Amino acid sequence: MLRSHTCGELRLDHVNQEVTLAGWVQRVRNKGGLIWVDLRDRYGLTQLIFEEGSSEKSLLEKAAQLGREFVVSATGTVIERTAKNDKMPTGSIEIKVSKLEVLNAAKVPPFIIEDETDGGDELRMKYRYLDLRRGVVREKLQLRHRMMQETRRYMDGQDFIEVETPVLIKSTPEGARDFVVPSRANPGEFYALPQSPQTFKQLLMVSGFDRYFQIVKCFRDEDLRADRQPEFTQIDCEMAFVTQEDILNTFEGLVKHLFSAVKGIDLGYVEHMTFADAMKGYGNDKPDLRFDMKFVELNELAKGKDFAIFDNAELVVGICAKGAAGYTRKQIDDLTEWLKRPQIGAKGMIYVRYNEDGTLKSSVDKFYSPEDLKTWADAFGAEPGDLMLILSGDANTARKQLSELRLKMGEDLGLRDRTKFKPLWVVDFPLLEWDEETKRYHAMHHPFTSPKPEDIALLDTDPGAVRANAYDLVINGVEVGGGSIRIHDRGTQQMMFRHLGFSDEEAQKQFGFLMEAFEYGAPPHGGIAFGFDRICAIFGGSDSIRDYIAFPKNNSGRDVMIDSPSTIADEQLKELSIRVSLSEK
């Protein structure tokens, strides 16, 4: 080894020992006859000292020539620092250097490689290998590593077997767009990169591997944002001979283990909520339960008072922001304008301020008496000092808009604490959802999800009312995992394909291998897949999953470091029997 110790391990116990460290120069402080050098590796930082009189002149000159990010080896004696730094683990010692070797000089980096950097996102992505030297980035990848190890430890303890599934598979029509790979050996034919190992893990259940998991790369060609990447990682799991409750208990156990082992947190009870209740009470299927502000419907109290906006609405619904009665008129006007943005599309907002003196002031005082407003306040459970915010209109639209307002109020009032974690199982999702563009039903999860047996008859009469044996795990308003009990017999799977608009020929071409496998004794089975990058981001208190991926893509799906995607040579295209013809968008 070129070093005897790392830059993070030396303490007062090592004083008077001769050591050799190797790493990168973080900074140089030259006081003429006294030079300090901070040396860094992934384990930490240690201060080196070169002092006129006690160091050779040539050694002092060599130290003076060091620049940021030079790779060096330093041999010397551990001594106690006179001016200790209690903000760093090695802050009680320094190395009195007797030998210095420059292993590799470095150009001046394009940004400061420290926790507080001057580099913007795009610049740091271009030089990601430098960005990864920063402590805050390295810590995120170390967290990811720990999460992986603890996941494997728990799953192994539950008798799961880790099985790798193919990366070159068959393109399927459901879900997001596939990334496709041309086959040179089969001209005109293409592989697809897997959006998930769904069919393979079901086939493993048919094969008798009753407990499978995999920490696996998945690929989706979809529009990107902070919590999406074209390639991402799942904890993919499947179990045979189980009920939905068995799966919820097993993987609630995984999440509790991760919180306990990695963060030292006992999650406690995990609430269950139906999809219908989530939509009615919070306006979305992944409610953030770190704070209350549950929806209150006011149709019976607010209609019939000659206020047309309410009278003509399908739904009048609101939230109560505790302690927010002090909001100024400008703040309320700003909230209204925020709601009117095209992304949300509300036409307006009604407020009721419950003043500390017990009086009620609203934007609709002309239509509603103080007694009317008091009945609203009672419905909200409001107290003096609270602010009620109310929307109306089409029921689905009003709930979605109020959901956005609820989340904003939670953020503005400091209620979305990143150090607090509130998990939730959302169950009983609809099996199908209507797509206005294609004018047909699509599988809400995927076409292999089992309908609830008592709802199967509704497939012919009211498909939108059919519930699925499907479930999502939500933490702090973020869906971190989702799964279902699967269909495990050919007849039910064929029926499902028909209701999704597949002809028998299309179903056979796309999924004939799976339906045939079901005829050879498929056990009842179900599973779940967790978005591993998202879980890491939640554990690390971040909004973006990019921070937890070593070499992420930008919002255009580009790796600006290696300049990918890129064109390929004509000769390679010829080998693949591909001709490129770009059409204007």
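Predicted model: local features only at pLDDT ≥ 70, side-chain atom pairs only at ≥ 80, totals over all residues.
Trainee: Is Lys452 buried or exposed?

Mentor: Lys452 is found in the loop between strand S19 (440-443) and helix H13 (458-461). Leaving aside neighbours within four places in sequence, Lys452 is in contact with Asp428, Arg467, Ala468 and Asn469. Its relative accessibility is 11%, and since the cut-off for burial is under 20%, Lys452 counts as buried.

Trainee: Which geometry, edge-to-face or stacked, describes the rings of Trp425 and Tyr471?

Mentor: The structure holds 19 aromatic pairs. In the pair formed by Trp425 and Tyr471, the ring centres are 6.4 Å apart and the planes stand at 80°. Because planes over 60 degrees apart count as edge-to-face, the pair of Trp425 and Tyr471 is edge-to-face.

Trainee: How many residues apart are Trp425 and Tyr471?

Mentor: Both Trp425 and Tyr471 are buried. Trp425 belongs to strand S17 (residues 423-427), whereas Tyr471 belongs to strand S20 (residues 470-475), and the pair links distant parts of the chain, 46 residues apart.

Trainee: Which strand gives the most to the lining of the second largest pocket?

Mentor: The second largest pocket holds about 1000 Å³ of space, and of the 28 residues that line this pocket, the closest to its centre are Phe179, Val180, Ser564, Pro565 and Ser566. By class, the lining has 15 nonpolar, six polar and seven charged residues. With three residues in the lining, the strand that gives the most is S7 (residues 180-182).

Trainee: What is omega for the cis peptide bond that joins Ser564 and Pro565?

Mentor: Pro565 is found in the loop between helix H16 (532-540) and helix H17 (570-575), and Ser564 and Pro565 are among the residues closest to the centre of the second largest pocket. The peptide bond that joins Ser564 and Pro565 is cis, with omega at about 5°.

Trainee: Is Phe241 buried or exposed?

Mentor: Phe241 has its place in the loop between strand S10 (231-240) and helix H6 (244-263), and it has a positive phi of about 60° although it is not a glycine. Its relative accessible area is 63%, and because the cut-off for exposure is over 50%, Phe241 is exposed.

How values were computed: Residues numbered from 1 in each chain as written. Heavy atoms only, no water. Helix = DSSP H or I, 4+ residues; strand = E, 2+ residues; numbered from the N terminus. Buried < 20%, exposed > 50% of the residue type's maximum accessible area, 1.4 Å probe, protein only. Contact = heavy atoms within 4.5 Å. Phe/Tyr/Trp six-rings, centres within 6.5 Å; stacked < 30°, edge-to-face > 60°. 1 Å grid on protein atoms, 1.4 Å probe; cavity = no way out; pocket = protein on both sides within 12 Å on 5 of 7 lines; lining within 4 Å. Points joined across faces, edges and corners; volume = space filled by probe spheres on them. Nonpolar A, V, L, I, M, F, W, Y, C, P; charged D, E, K, R; others polar.
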